[in-house]
Amino acid sequence: MFHIYCPYCEELREEEEFHPKGEAHIARPEEPEACSDEEWGDYLFFRDNPRGIHHEMWLHAVGCRKFFNITRNTVSYEILETYKMGEQPTVGAEHLAREEKTASVQAAEGGQQTVGASDAALASVKGAQA
Amino acid sequence: MSQTASQSNRLAQGGQVDRTQTLTFTFNGRSYTGHPGDTLASALLANGVDLVNRSFKYSRPRGIVAAGAEEPNAVVQLGATEATQVPNVRATQQALYDGLVACSTNGWPDAQRDIMRWVGKLGSPFMPPGFYYKTFMAPASMWMTYEKYIRKTAGLGRSPTQPDPDIYDHMHRHCDLLVVGAGPAGLSAALTAARAGARVLLADEQETMGGSLLDTRETLDDQPAAQWLKTTLAALAELDNVTLLPRTTAHGYHDHHFVTLHERRTEHLGDSAPSQAGHRQSRSRLHRVRAGQVVLATGAHERPLVYANNDVPGNLLAGAVSTYIRRYGVVPGQKLVLSTSNDHAYRAALDWQEAGREVAAIVDARSAPQGDLVAQAKAAGIRVITGSAVLEAKGTQRVSAARVAAIDVDAFTVTGKVETLECDTIASSGGYSPVIHLASHTGARPVWSDDIIGFVPSTVAGVTASGGARGVYPLGEVLADGVEAGTNAATALGFSAAVNDADLPRVASRHEGSACALFQIPHEKATLRAPKQFVDLQNDVTAAAIEVATLEGFESIEHVKRYTAMGFGTDQGKLGNINGMAVAARCLGQSIPETGTTVFRPNYTPVTFGAVVGRHCRELFDPERYTPMQSWHVARGAEFEDVGQWKRPWYYPQKRRAEGGERLETMHEAVARECRAVREGVGILDASTLGKIDIQGPDAREFLGRIYTNKWQKLAPGRVRYGLMCGDDGMVMDDGTTSCLAENHFLMTTTTGNAAPVLEWLELWHQTEWPELEVYFNSVTDHWATMTVTGPEARKLLTDLTDIDLDREAFKFMDWREGHVAGVPARVFRISFTGELAFEINVQAHYAMHVWEALFARGEAFDLTPYGTETMHVLRAEKGFIIVGQDTDGSVTPEDLGMHWAIGYDKPFPWVGKRALTRSDTRREGRKQLVGLKPKDASVVLEEGAQIVFEPNHAIPMPMVGHVTSSYYSPTLESGFALAVVKGGHQRMGESVYLPMVDGRVHEAEIVGTQFVDPKGERQHV
């Protein structure tokens, strides 16, 4: 069970107080109508599942009710940092993740969506973190 | 004295048992005696009980092999009564108490007369690895039948059929340093860190702390080790910052130094926890420990050698023989042969001889063993046969002889003539395996060490393995290693630990010769033809089975493990895993590290469910939430329905006159009566459980417009609007009304079950996407009680109770007003979930019962009828009002529901869900759409969930085109009716659909609109 430092409460608390909310830094496109169906599908449904550094969003559900981000190693489960919503991580494997992502782009059989996002879709979807 | 005389293997002196007291216990129906200080295993051995179980697969007789947690055979069922049955207890870890009752878990009908032994004897060639996969494959339908008998014959123990009389605890603990294991390494680590000032928790799984010090031959400061142990434990007990937890197993190492400990508080005292000073005490306790640093001083398990018939009772681990003699004063036989690859095991022969029994020979696989213990054995006149090993044990119910010959370890061949040595006990030792279980729970992969011939743990930051747990075995080095671990942990925690070597006790130096790597012993016959050489005793996995697995192409040790079941069960491969890997490596012509390792998962040893559950059972299993009117509902005889954690009145059955007295209404009768009351008179519903979220801030209105599908810009104070909420995938996720309390102040209602998720949803969007909006959310669900007064008579009933003008023009449908009801400040909302005239009265929860009772006092004149959730469902369905989660399932858009009127496509902001509503899939023809269904036969109430087809005579499989989402009998319509989703349903009004039922009947129904009663919606406006 994780021991999580809430950047708002500034204390280590038990995992039971938190809800995991999936990958962090998934910004909603500013202009959804300008997205193709495929880009919108990528924003809605496709997430990274890296072996190693992962930025993920958590909620201090039965504490301060604040959303915040965690940089976590998905192999060792080590939490490398927690930071407030709107801040950027200081520990990252962004370039690594991007390389892996580009390499893994492939058309899904018979579908209209891709497995993993293209760089172009990434650029339009990720945008600047609010 | 006559009783102890039956303990034929008990020595007259020695060991840590109290011979002045005698305890009586029962095993497999026979009565025996033992002493305080015994385990069940030592007491059984003292009484010469050889056969403790039947083996899992071949049903071979099995005896006690080990003296601790690693025991694979002596797994017993404990309990004198049905309610106190405990399966899966290792006799080696169960302290003896007076009146203990135990039996074998395996053997049907019993361990002595066992049906399966014939399979074991005759049928074993027919039970190769993968036997169950291969044999019981076909026909698949028979598996359930096979399984019943397989389970019966398999040694899994059984659960009690009566409730557990005991209570169990959970306890949260925080400490600077957790030390697991109170042997020499753990004790010195704990003492060092504690003296430096750290808060230390020291847990040990045994009855007595001390680990190897409890049976060592060595001395500390020229005194028996027990003396140092006593002094050290006393020193620890004196320190305020040390907590000692004996009988406590660290069974799981979870993330971030979270370790679960299972403390057996009373299991050494009796069948059920005795009360203490008149209070019940918990039988066991689960400690949930969050530690700053952890030292794993878990020691090492001895590896048995793998030779033919090494499972016959009388084959023991060498170290276990020493433990039984030195700690319990029990010699488990008359005449010993020791087969070893190392010096350490010589202790067993020396202890055996000193106990006055005969040692036939020590058979050492090394050609020229040279250590001090070897010299000591030779000096004691014990015959030492070098370069040899025990190839095979003879005997069936008990060892009768050992077949010994010279072997070539590297070539895996028998090189000499076989000599048969008569004996009743064979002790074996292939060296030691560090207990790396907890370290590998963290995900750290163990690493093979040629130096110690075993895997040593790698650890994550903050965890240190110490002593035997990392392959450090000489006592002096173990103590120093513990001090170092304690010092490092204390330093890492910020304490300055002054290490003073002079604190370490003096250990007599001893020369130990190097061990040889020995696992499986060669036999004259090839492994596949030799008598069975067991690797995993608990799961009956033989060296031949592993060889077969490799021949069949299983090369990864993980696959071999699953194919043969090696390392499964409660044993988790404590004795067998390394030997199994060695056999696989030999067959595959590679080294052990090349073959891999298997990691261990929690739990280290089984944990009783009671400890896992703790106090979270019965009424404390899950919280129950009540509305302020709960006691009234109970007094009125309501039946309740669980909605999330809420208890909601389901219906209120009344007494009816019947033949010979009175009877309670059925649900059908009660619901029909309640429905008619609302449609014709007036009813009241306790709607307090609806989620209520108070929303404030200058941007509250803008926020609502973004989160709801419909428009909010023009909703004036005093007005209420129905809102529909979608995910960004365009699927309906919640609905409810939101009222404008003031320009920057709104009250949102949610479905009962969604109150918390919707609040989280609002916070998510506000905090992560639109932090620039100034808006605040707060749950007020429990602050306000809600009572819905509804029906044609509702206005008349309320008129005298409130100062609010109820005139239909002054207080319109979808308005809300503030005022007083029954003298209490109230908000009254003219919203309707029944389609009738309705007033939803909200008052502060503390006043709710007063208002509720005032309503009933006034309501007597109107026959005010309380109704429950079932009537609410019928009434809303008659009006086609959906229930999110019942009529929707996460794949339904607002358009699928026919709620185009609630979609603000022209709102300026791209609200949540909008973009997805124009995806090709959400726009396509033939989506399932919400419609009404009217059964052709009015008496039929369609089954909720029933599948719908267009063509009832279509060949199977029929294309399914939808399903029934809500279905009830309507007393108003005097007919069954239903809501359903049907492909393209909105374009199919008037068409017939068919519902084939499980019993072969096929119902016909007509597709109609969703509003069955008052389709124009006039009644709610009156």
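Author: In chain A, residues 24 or more positions apart account for 53% of the contacts with a separation of 6 or more. This is a predicted model, and the predictor gives the complex an ipTM of 0.86 and a pTM of 0.87. For chain B the average pLDDT is 93, and 94% of the residues score at least 70.

Reader: How many helices and strands does chain A have, and in what order do the elements run?

Author: Chain A has three helices and eight strands, and from the N terminus on the order is β-β-β-α-β-β-β-α-β-β-α. Of its 130 residues, 40% count as buried, while the chain exposes about 7000 Å², of which carbon and sulfur atoms supply 50%.

Reader: How should I read the salt bridges, and how many are there over all chains?

Author: Side chains of opposite charge can pair when their charged atoms come close. Here the count comes to 67 salt bridges over all chains. One of them joins the side chains of D38(B) and R10(B), with 2.4 Å from N to O. This pair links distant parts of the chain, since D38(B) is in the loop between β2 (30–34) and α1 (40–46) of chain B, whereas R10(B) is in the segment before β1 (23–27), 28 residues apart. Both D38(B) and R10(B) are buried.

Reader: Where in chain B do R62(B) and D540(B) lie, and are they buried or exposed?

Author: R62(B) forms a salt bridge with D540(B), and the closest N and O atoms are 2.7 Å apart. R62(B) is in strand β4 (residues 61–62) and D540(B) in the loop between β30 (534–536) and β31 (541–542), so that the pair links parts of chain B that are 478 residues apart. Both R62(B) and D540(B) are buried.

Reader: What parts does the pair of D1014(B) and K879(B) tie together, and why do D1014(B) and K879(B) count as buried?

Author: The closest N and O atoms of D1014(B) and K879(B) are 4.0 Å apart. D1014(B) lies in the segment after β52 (1002–1008) and K879(B) in the loop between α23 (869–878) and α24 (920–923) of chain B, so the pair ties together parts that are 135 residues apart in sequence. Buried means under 20% relative accessible area; D1014(B) counts as buried because its relative accessibility is 14%, and K879(B) because its value is 3%. Salt bridges that share partners also join R656(B), R663(B), E665(B), E669(B) and R673(B) into one network.

Reader: What should I look for in the aromatic rings, and which residues form one aromatic cluster?

Author: A pair of aromatic rings is described by the distance of the centres and the angle of the planes. Over all chains, a search of the whole structure finds 28 aromatic pairs, and one cluster is formed by F703(B), W761(B), W765(B), W770(B), F777(B) and F909(B). Charges sit over rings as well: the charged end of K532(B) is 4.6 Å from the ring centre of Y58(B), and K574(B) lies over the face of Y604(B) at 4.7 Å from the ring centre.

Notes
Residues numbered from 1 in each chain as written. Chains lettered and ligands numbered in written order. Predicted model: local features only at pLDDT ≥ 70, side-chain atom pairs only at ≥ 80, totals over all residues. Heavy atoms only, no water. Helix = DSSP H or I, 4+ residues; strand = E, 2+ residues; numbered from the N terminus. Buried < 20%, exposed > 50% of the residue type's maximum accessible area, 1.4 Å probe, protein only. Contact = heavy atoms within 4.5 Å. Areas by Shrake-Rupley, 256 points an atom, 1.4 Å probe, with all protein chains shown as cover. Phe/Tyr/Trp six-rings, centres within 6.5 Å; stacked < 30°, edge-to-face > 60°. Lys NZ or Arg CZ within 6 Å of the ring centre and 35° of its normal. pLDDT = per-residue confidence, 0-100.
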